[in-house]
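Have a look at this chain.

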Amino acid sequence: MSIYEKKCYVEVKDVAALGLLTNEGFLNLLENVACSHSEVAGFGINQINETHLSWVLLHWKVQIFKRVPYNTPVIIKTWAKSANKCLTYRDFEMYDENHKLIGIASTKWSLVDTQTGRITKITSEIIGCYSPEENKNVFEEVEIAKLREPEVIDTMEPCYTFTVSRRDIDMNQHMHNLCYLDYAIEALPKEVYQNENCNEFEIMYKNGAKLGERVNCFYVKDENTHIVVMKNAQDNRLHAIIQLKS
């Protein structure tokens, strides 16, 4: 089963103004299908008690071509790619009911030993359970480059600050990856939030934010790219960089 395919529906939590699919809704649908694929491969959430292994997301790279409405059926295809010792990639395609491409995404992952809390080797046996596709890529660049923090951040005051709440915490006891996009949206200027539809975006996760931590958000605009940098308010550790292109 090299390419995993699943039919889903755009739910009410996946849409916002005009009832159209949001960026977060797009990610939510992809995330659920990726988890289903891992269950089939034997390394899903329900198998963690047996495998003592958990996948950790490091990066999203996304391009959306069409905003579909609430209750629309969509077909999501996803596949794993080859891995080195510590990293692997997974790509996605989403299609509407007429088989037209809605959007694409590429993701970068590491594997964590839940007993030690440390990154562990992705063996050929583990990645082999996913029957990886070696030569099928949604973007020309096979690897996802790290996002760089703008130097000007060091001289700026935060534009938005939040405290990680209980509702933000995932099964790994860190802030869930989709919450970073939620808070990045809060940090955007009002005119950007109201008037710009960012159909291309990336999220790079560095250090997971934990319950009760205060996080500072810094906003920078570079031509048509909106950059939100999230840092720990106490020690200035980098939590994430989010880039949205209008």
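Serine 110 sits in strand E5, which spans residues 101–113. The model is a predicted one.

Q: Why is serine 110 called buried?
A: Its relative accessibility is 2%. Buried means under 20%, so serine 110 counts as buried.

Q: Which residues is serine 110 in contact with, leaving aside its neighbours within four places in sequence?
A: They are Ser54, Trp55, Val56, Leu58, Cys86 and Ile119.

Q: What makes cysteine 86 partly exposed?
A: The relative accessibility of cysteine 86 is 38%. Buried stops under 20% and exposed starts over 50%. Cysteine 86 therefore counts as partly exposed.

Q: How do you know how many disulfides there are?
A: A disulfide needs two cysteine sulfur atoms within 2.5 Å. By this rule the count is zero. For cysteine 35, the nearest cysteine sulfur is that of cysteine 8, 12 Å away, and cysteine 35 is in no disulfide. For cysteine 86, the nearest is that of cysteine 129, at 19 Å, and cysteine 86 is in no disulfide either.

Q: Why is cysteine 35 called partly exposed?
A: Its relative accessibility is 32%. That class lies between under 20% and over 50%, so cysteine 35 counts as partly exposed.

Q: What makes serine 38 buried, and where is it found?
A: Serine 38 is found in helix H1. Its relative accessibility is 7%. The cut-off is under 20%, so serine 38 counts as buried.

Q: What is serine 38 in contact with, leaving aside its neighbours within four places in sequence?
A: The residues are Phe43, Gly44, Gln47, Trp55, Arg90 and Tyr130. The C-alpha atoms of serine 38 and cysteine 129 are separated by 9.1 Å, and these two are 91 residues apart along the chain.

Q: Why is histidine 99 called exposed?
A: Its relative accessible area is 64%. Exposed means over 50%, so histidine 99 is exposed. Histidine 99 lies in the loop between strand E4 (88–95) and E5.

Q: What makes the phi of histidine 99 worth a remark?
A: Most residues other than glycine have a negative phi. Histidine 99 is not a glycine, yet its phi is positive, about 65°. Glutamine 173 also has a positive phi of about 65° and is not a glycine.

Q: How do you know whether glutamine 173 is buried or exposed?
A: The relative accessibility of glutamine 173 is 54%. The cut-off for exposed is over 50%, so glutamine 173 counts as exposed. Glutamine 173 is placed in the loop between strand E7 (160–163) and H4.

Q: Why is H4 described as largely enclosed by the rest of the structure?
A: Eight of its eleven residues are buried, so H4 is largely enclosed. The buried ones are Asn177, Leu178, Cys179, Tyr180, Leu181, Tyr183, Ala184 and Ala187.

Q: Which residues touch the most other members of the largest nonpolar core?
A: Trp60 and Met230 do, in a core of 58 residues. Leaving aside its neighbours within four places in sequence, methionine 230 is in contact with residues including Phe162, Tyr180, Tyr183, Ala184 and Asn216. There is also a second, separate core of nine residues, with Phe218, Val229, Leu238 and Ile241 among them.

Q: What makes asparagine 216 buried?
A: Asparagine 216 is at 15% relative accessibility. Buried means under 20%, so asparagine 216 counts as buried. Its place is in strand E9, residues 214–222.

Q: What lines the second largest pocket?
A: There are 23 lining residues, and Ala16, Thr22, Tyr193, Glu196 and Asn197 lie nearest the centre. They divide into 13 nonpolar, five polar and five charged. Helices H1 (23–41), H4 (177–187) and H5 (190–195) each supply at least two. The largest share, four residues, is from H5. The space in this pocket is about 660 Å³.

How values were computed: Residues are numbered from 1 along each chain as its sequence is written. This is a predicted model: local features need pLDDT of at least 70, side-chain atom pairs count only at pLDDT 80 or more; totals for chains, interfaces and linings use all residues. Side-chain values use heavy atoms; hydrogens and water are left out. On a 1 Å grid over the protein atoms alone, a cavity is a set of points where a 1.4 Å probe fits but cannot get out, and a pocket is an open set with protein on both sides within 12 Å along at least five of seven lines; lining residues have an atom within 4 Å of a point. Grid points are joined across faces, edges and corners, and a volume is the space filled by probe spheres set on the points. Ala, Val, Leu, Ile, Met, Phe, Trp, Tyr, Cys and Pro count as nonpolar, Asp, Glu, Lys and Arg as charged, and the others, Gly among them, as polar. Buried means under 20% relative accessible area, exposed over 50%, partly exposed in between (1.4 Å probe, protein chains only). A nonpolar core is a set of buried Ala, Val, Leu, Ile, Met, Phe, Trp, Tyr and Cys residues joined through side-chain atoms within 4.5 Å. Contact means heavy atoms within 4.5 Å.
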